[in-house]
Amino acid sequence: MNIAVVDGMGGGIGSQIISLLRQDLPADITIYALGTNSAATSAMMKEKANKGATGENAISFAVKKADVIVGSLGIVIPNSMLGEITPHIAEAIASSDAKKILIPIIDNEDITLLGMEKKPLFLAIKDAIEKIKELNQ
């Protein structure tokens, strides 16, 4: 299974995701750390992702190889993460045939999510990992 973890800004959420994936899934899982900037990619690579790539074209290319794409909800919203998620990145992720597992956090003041259970980020990430484990069986 190929899992693409997409993050921007400082890569904190992506790093947590990769760390938990490495703890909870078999070693033969391939994890791509896809950052909108080099700081995000670097932070995710420190958690033992197999491959890392940075930027719009790299993300758009790599998500085509993924079976699962995981990240915050913002990765499919154009111009989120202070503009780091370009319309092209959001479209490439949303249009990918991969299963998308999105953690319901966004940094856009113009968007409000309703009907979602509010829980700590760590627990939301754990839920995402559990869903990936189900897909890997």
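This is a predicted model: local features need pLDDT of at least 70, side-chain atom pairs count only at pLDDT 80 or more; totals for chains, interfaces and linings use all residues.
Residues are numbered from 1 along each chain as its sequence is written, and side-chain values use heavy atoms, with hydrogens and water left out.

Q: What is the strand order of the open sheet?
A: Strands are DSSP runs of E with at least two residues, helices are runs of H or I with at least four, and both are numbered from the N terminus. Two strands pair if DSSP finds at least two bridges between them. The open sheet has 5 strands with parallel pairing, in the order β3-β2-β1-β4-β5.

Q: Which residue of β2 is the bridge partner of Val 5?
A: Strands β1 and β2 pair in the parallel sense over 6 bridges. In β2, the bridge partner of Val 5 is Ala 33.

Q: How many residues of β2 are buried?
A: Buried means under 20% relative accessible area, exposed means over 50%, and partly exposed lies in between, with a 1.4 Å probe and protein chains only. Strand β2 is largely enclosed by the rest of the structure, because the buried residues among its 6 number 5.

Q: Which residue of β4 is the bridge partner of Ile 3?
A: Strand β1 (residues 2-7) runs parallel to strand β4 (residues 68-72), and 3 bridges join them. In β4, the partner of Ile 3 is Val 68.

Q: What angle does the direction of helix α1 make with that of β1?
A: Contact means heavy atoms within 4.5 Å, and helix α1 (residues 12-24) packs on the sheet, touching β1, β2 (30-35), β4 and β5. Axes are lines fitted to C-alpha atoms, for helices over the stretch in contact, and angles run from 0 to 180 degrees between N-to-C directions. The angle between α1 and β1 is about 155°.

Q: What is the relative accessible area of Met 116?
A: Met 116 is found in the loop between β5 (99-103) and α5 (121-136). Met 116 counts as partly exposed, because its relative accessible area is 46%.
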